[in-house]
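Let's take a walk through this model, going from the whole chain down to a strand and then to a pair of helices. Keep the viewer open as you read.

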Amino acid sequence: MLASSTITISRAFTLTLTFKFSLSIPSLLHSSTKTHMDSPPRSLLVSSASRSPPREVLVQDTGDGFITLQEWQGWGTVSPVPVMVSQIVHDLKSLEKNIDAQMSFAGNGGKLQGDFKVQEDKKHRATYEALGDSEKKLQFFASRQIACRLLGSRGYLCQKCWLAMEDCMCSKVKPCSLWHGMRFWVYMHPKDFLRQNNTGKLLWQLFGVQAATLCLFGIAEDEEIMWNAFKCAGKNKVWCLYPNKNAVTESVQEAFGHGSPVDIDSTPVMTAGDKTLNFVLIDGTWSNSAAMFNRLKEQAKSVWGEEKFPCISLTMGASAMHKLRPQPSWDRTCTAAAAIGLLSELQLLHEFSSHGFDEQADAVEDALVVLLEALTSRRLRMGRSVTRKVRHNRDIC
Ligand SMILES: [Zn+2]
């Protein structure tokens with residue numbers, strides 16, 4: 001019965017799939033490209049107790065060009081400090097000394113500005129051009145993005161919720177256990193790393209970094225961890241939630257319902273990895289998501305010998321988003337909403353009905369509401385409209 005109603009919903013909502021991967025919070029709250037123009041520059045050197053705009057924020061920068069493992073993993077990562085990120089942080093700090101121009105960041109961190117930016121632009125472009133192959137170029141691009149965001153967010157953002165310290169929502173998030181037989185991989189574009197309106201971060205805030213693991217696109221150390229887990233799990237235990245109409249997708253019902261080829265073992269997982277169902281959530285803008293999915297396919301080819309990466313599409317009926325209805329752009333959606341959709345649809349399947357997916361979906365939804373409220377009150381406090389139409393282009397770096 002449940003299965004057939006799912007299919008009905010699915011047909012009614014076939015068009016839906018555009019919603020899922022726009023990745024961040026609704027556009028009305030989007031901090032968008034305008035953010036850095038709205039906000040005054042934030043300097044590493046200036047502090048102010050003022051909480052109203054214009055304002056400058058003290059960034060507790062230790063002054064060294066070193067990212068410790070504790071600092072790196074404090075942001076939700078599980079990998080060792082990436083070698084290339086370390087190198088770039090070191091180079092940025094060296095450049096700062098050599099040219100006698102202070103490094104400073106605009107807006108929500110990560111975007112260099114001023115004289116330092118001019119000098120650094122020349123330097124990083126030359127480095128980029130000198131790199132031989134596209135793989136190295138991608139890794140450099142990703143690492144530089146991450147390095148800038150790390151330095152620009154030090155002491156300014158809460159490491160756990162990625163909101164400005166004064167907006168920290170951590171006390172309002174109730175941790176929850178994800179069913180032990182599944183694992184999310186939040187495959188995040190570097191430009192979404194440490195973004196306040198990112199929603200993928202909610203997943204490890206709730207479920208922990210082992211149940212919802214961040215993997216940064218183009219960061220070799222992160223991708224290696226993810227692919228090692230996929231190798232252990234095997235190809236029939238890995239799916240990507242990717243709604244591109246050009247990708248061949250299965251519905252949750254087709255992949256996991258009665259008679260599906262997947263061997264679902266609902267007994268407790270005795271060893272990590274082997275029976276775990278792995279779900280990749282692509283956490284990047286719509287325009288970046290195609291490149292991210294292509295990278296998954298390329299890596300699938302080298303690991304599994306074929307380019308096909310199994311994909312799941314969601315039907316996303318009314319249930320997941322109903323509480324959020326006053327926000328019409330919620331169905332443009334985000335990574336957390338994709339997780340809610342998946343958990344909700346799995347809950348409808350007999351095989352999964354005892355795993356508490358409904359509670360887990362509710363937990364994500366509650367966290368999403370908390371994030372929405374935090375971002376809304378921030379905008380109000382900063383004197384910005386919450387209803388303003390903003391541009392969708394989020395490329396601020
Ligand atoms: Zn926090």
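A residue counts as buried here if 20 or more other C-beta atoms lie within 10 Å of its own. Keep in mind that what you're looking at is a predicted model.

With that cut-off in hand, start with strand E5, residues 212-216. Five of its five residues are buried, so by that definition the strand is mostly covered. Ala 212, Leu 214 and Leu 216 point one way from E5, while Thr 213 and Cys 215 point the other way, and the residues on both sides are buried. E5 has a partner in strand E4, residues 182-188: the two run parallel and are joined by five bridges.

Among the contacts with a separation of 6 or more, 78% come from residues 24 or more positions apart.

Next, the helices. H4 (residues 83-99) packs against H5 (residues 114-130) at an angle of about 120 degrees, and their axes are 11 Å apart. That's why the two helices are oblique to each other, and their crossing is right-handed. Which residues in H4 and H5 meet? On the H4 side they are Leu 92, Leu 95, Glu 96 and Ile 99, and on the H5 side Phe 116, Gln 119, Glu 120 and Lys 123.

How values were computed. Residues are numbered from 1 along each chain as its sequence is written. This is a predicted model: local features need pLDDT of at least 70, side-chain atom pairs count only at pLDDT 80 or more; totals for chains, interfaces and linings use all residues. Axes are lines fitted to C-alpha atoms, for helices over the stretch in contact, and angles run from 0 to 180 degrees between N-to-C directions. Helices (H or I, at least four residues) and strands (E, at least two) are DSSP runs, numbered from the N terminus. Angles under 35 degrees count as roughly parallel, over 145 as roughly antiparallel, 65 to 115 as roughly perpendicular and the rest as oblique. A crossing is left-handed if the near helix is turned anticlockwise from the far one by less than a right angle, and right-handed if clockwise. Two residues are in contact if their C-beta atoms, placed from the backbone, lie within 7 Å. A residue is buried if 20 or more other C-beta atoms lie within 10 Å of its own, exposed if 12 or fewer, and partly exposed in between; C-beta atoms are placed from the backbone. Two strands pair if DSSP finds at least two bridges between them.
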